[in-house]
Amino acid sequence: MQTRLIHGPGELIAAIPRMLGYVPHEEVILAGVAKTGAIEVLARIDRTDLVLRDLDGEVARAVATEASRSRVARAILVSFTSKPSGGAGCEAATQLAQALTACSIDVDLWVCDGERYWSPGCGDEACCPARGRALPPTSAHSRRANGAPGERLELSGSPAGLEEAAAERRRASGAGDRWWRRREADTPGWRAAALVKVRESARPDATVLDLGRAAVSLRDVRVRDALMVAWLRGGQREIEDTLAGRASEEVARVLDGALHDASHPPPRRAQVQEALEWCGSVARVSRRRDRAGVHALEAVLLWWAGSLDGALSATSRALSCDPDYSLAQLVAQMCEADLRPAWARW
């Protein structure tokens, strides 16, 4: 039996129609990989079957259980659909991914529209450009990945660093989702803990899980604003008022100081640089929707530093993730009006 190597996700996705004998449409394909790297299981599931409310996730759990019994160590899911645009996710594939993860199976999730492919929520333009990556030409790999009888398919290494980066984003997203779910039980307590986690994620020894929890913590506007108050040297009282949603005079004095109070001390240059580097680290592991808040904070920092062009560029990145993100809109308006921080005007 001959062994044929598949190099990277693009070749695997392009090879799937030949392995199945037809082109999938509105289906999720599961390639179950053993610890040896060999593809032991190849299954197809209709996308609609995975999201039917009446089934309540039964199909996903059944597939995951069978994959576990087949000693699958890693599952590569590819949703073939014409519905999403580049960068978008797939509810059906996500549900199956969650069921597989619950069975202790590592999951790589991809979406393909027939011409391009991408990893949902990927924040790395080098891995997944906004419109996705073009599938490799079939002729380029048909001789080594055609799934002919007597051939055993195995995965080779993907392009250097890309698979590791995608895995980090998935780990960060998983940690973030788990942390966000705890918010409902005690929102005030969660907000206080979330600010602590955000600040801890800026430490040199922070892990990708810390960054994932920080990313989702910034979804809460009060946590985001409390972080800005802390950056502007606000005290514990001002931070607590911000987390509690109290529009106190002390909070207004801190936040408005950047606009109106020339005597307000600006953030230290080294602190701004460290915060910008932290924003970059969080953005690299964040989903698109969470990157809006991160890029908006980046814009604020650059505005504080007097870089209107840099701030305006950051607002563009934020608004490309969420066109209605109000903080990014506000900073963009100030930049376009050539309005600088109070400490830079006098």
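## Aromatic pairs

A search of the whole structure, which is a predicted model, finds 5 aromatic pairs (rings of Phe, Tyr and Trp, the last by its six-membered ring, with centres within 6.5 Å). For W231 and W278 the ring centres are 6.2 Å apart and the planes stand at 80°, so this pair is edge-to-face (planes over 60 degrees apart; under 30 would be stacked and the rest tilted). Because W231 belongs to helix α9 (residues 221-231) and W278 to helix α12 (residues 269-284), the pair ties together parts that are 47 residues apart in sequence; helices here are DSSP runs of H or I with at least four residues, numbered from the N terminus. Both W231 and W278 are buried (under 20% relative accessible area, with a 1.4 Å probe and protein chains only).

## A tryptophan cluster and its arginines

W179, W180 and W190 are linked into a cluster by ring pairs. R183 lies over the face of W190, at 5.7 Å from the ring centre, and R219 over the face of W180, at 5.0 Å, where the criterion is CZ of Arg within 6 Å of the ring centre and within 35 degrees of the ring normal.

## Helices α7 and α8

W190 also takes part in the contact (heavy atoms within 4.5 Å) between α7 and α8, together with A194, K197 and V198 of α7, against R213, A214, V216 and S217 of α8.

## Basis of the values

Residues are numbered from 1 along each chain as its sequence is written. Local features need pLDDT of at least 70 and side-chain atom pairs count only at pLDDT 80 or more, whereas totals for chains, interfaces and linings use all residues, and side-chain values use heavy atoms, with hydrogens and water left out.

Methods
Helices (H or I, at least four residues) and strands (E, at least two) are DSSP runs, numbered from the N terminus. Buried means under 20% relative accessible area, exposed over 50%, partly exposed in between (1.4 Å probe, protein chains only).
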